[in-house]
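Please look through the sequence and the model below before reading on. The paragraphs that follow begin with a single residue and then widen to the whole chain.

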Amino acid sequence: MTIALRRRLLAEFIGTALLVAAVVGSGIMAASLSPGDVGLQLLQNSIATALALGTLILIFGPVSGAHFNPVVSAADWFLGRRVGTGLTVRDLAGYTVAQVLGAIAGSVLANLMFDLAAVDLSSKDRAAGNLWLGEVVATTGLILLIFALARSGRAPVAPAAVGAYIGAAYWFTSSTSFANPAVTIGRAFTDTFAGIAPASVPGFLAAQLLGLAVGVGLLAALYPDAGQAADQVVVPANERDPALDRRP
């Protein structure tokens, strides 16, 4: 028996919500503390996001695997489907819904914490070919990192490695590395430093899906048996739900 789906979905919802709250909240704080210095704002935002992501993976990984990202969940299902590992189609659908709703909730939470309107759609235009290319690169790299760690038995270092990659990708990609459809949608609900205009969301989502396809293709070439380790992504969930072992 694996951990009950309802518990895993709750973990994905809360984890994604807190991740987006960290992204948006640190962006608001950075803009407040360092007005007029966009480079410093980005540095503050990227450090807070990287540290928060690593911590959240440690908290929720033992329950749901700490995906917090529909493309990670989709890759997990796709690579594991032929060998009976990873997420099922039902799991994938549930994870995706929980992640998207969590991301929206996280944006609302950050807005409220800083005394802003709960929902304020972003006006920050991010629609450009170079930004989409940045998202393809960021998403491809994230998929390669996570599954390479799982395939090589190094999933326990995922909290540090994934946090470090996202923190670095803030700086080496033109898009500042959203690399996550749920987070992209959530960030449309805040008109702050980390926001993205709703009209720019579809282009980012398409680029992230392309990055998913490229990442999976490269994994097939580099690690043909990557699907065997799908149960280890991002952090292995417990094999049994301890509640099932209790006796009256």
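**From one loop to the whole chain**

Asp115 counts as exposed because its relative accessibility is 71%, and a residue must be over 50% to be called so. This is a predicted model, and in it Asp115 belongs to the loop between H4 and H5, where its phi is near 60°, a positive value in a residue other than glycine.

Thr176, which is not glycine either, has phi near 65°, and its place is the loop between H6 and H7. Is Thr176 buried or exposed? Its relative accessibility is 15%, so Thr176 counts as buried, the limit for that word being under 20%.

The C-alpha trace spans about 55 × 50 × 30 Å along its principal axes. For 248 residues a compact globule would have a radius of gyration near 18 Å, and the 17 Å of the protein chain agrees with this. Of the contacts with a separation of 6 or more, 80% join residues 24 or more positions apart.

The interior comes next. Buried residues make up 54% of the 248 residues, and the largest nonpolar core has 50 residues, of which Val162 and Val234 touch the most other members. At least two residues of this core come from each of the helices H1 (5-33), H2 (38-64), H3 (70-80), H4 (89-113), H5 (129-151), H6 (158-172), H7 (181-187) and H8 (201-222), and H5 gives the most, with eight residues. Apart from this core there is a second, separate one of six residues, among them Leu131, Phe178, Ala188 and Ile196.

Val234 deserves a further look. Leaving aside residues up to four places away in sequence, Val234 touches Ile57, Gly65, Ala66, His67, Val72, Ile146, Ala155, Ala158 and Val162.

Key:
Residues are numbered from 1 along each chain as its sequence is written. This is a predicted model: local features need pLDDT of at least 70, side-chain atom pairs count only at pLDDT 80 or more; totals for chains, interfaces and linings use all residues. Side-chain values use heavy atoms; hydrogens and water are left out. The radius of gyration is taken over C-alpha atoms; the globule rule is 2.2 Å times the number of residues to the power 0.38. Buried means under 20% relative accessible area, exposed over 50%, partly exposed in between (1.4 Å probe, protein chains only). Contact means heavy atoms within 4.5 Å. A nonpolar core is a set of buried Ala, Val, Leu, Ile, Met, Phe, Trp, Tyr and Cys residues joined through side-chain atoms within 4.5 Å. Helices (H or I, at least four residues) and strands (E, at least two) are DSSP runs, numbered from the N terminus.
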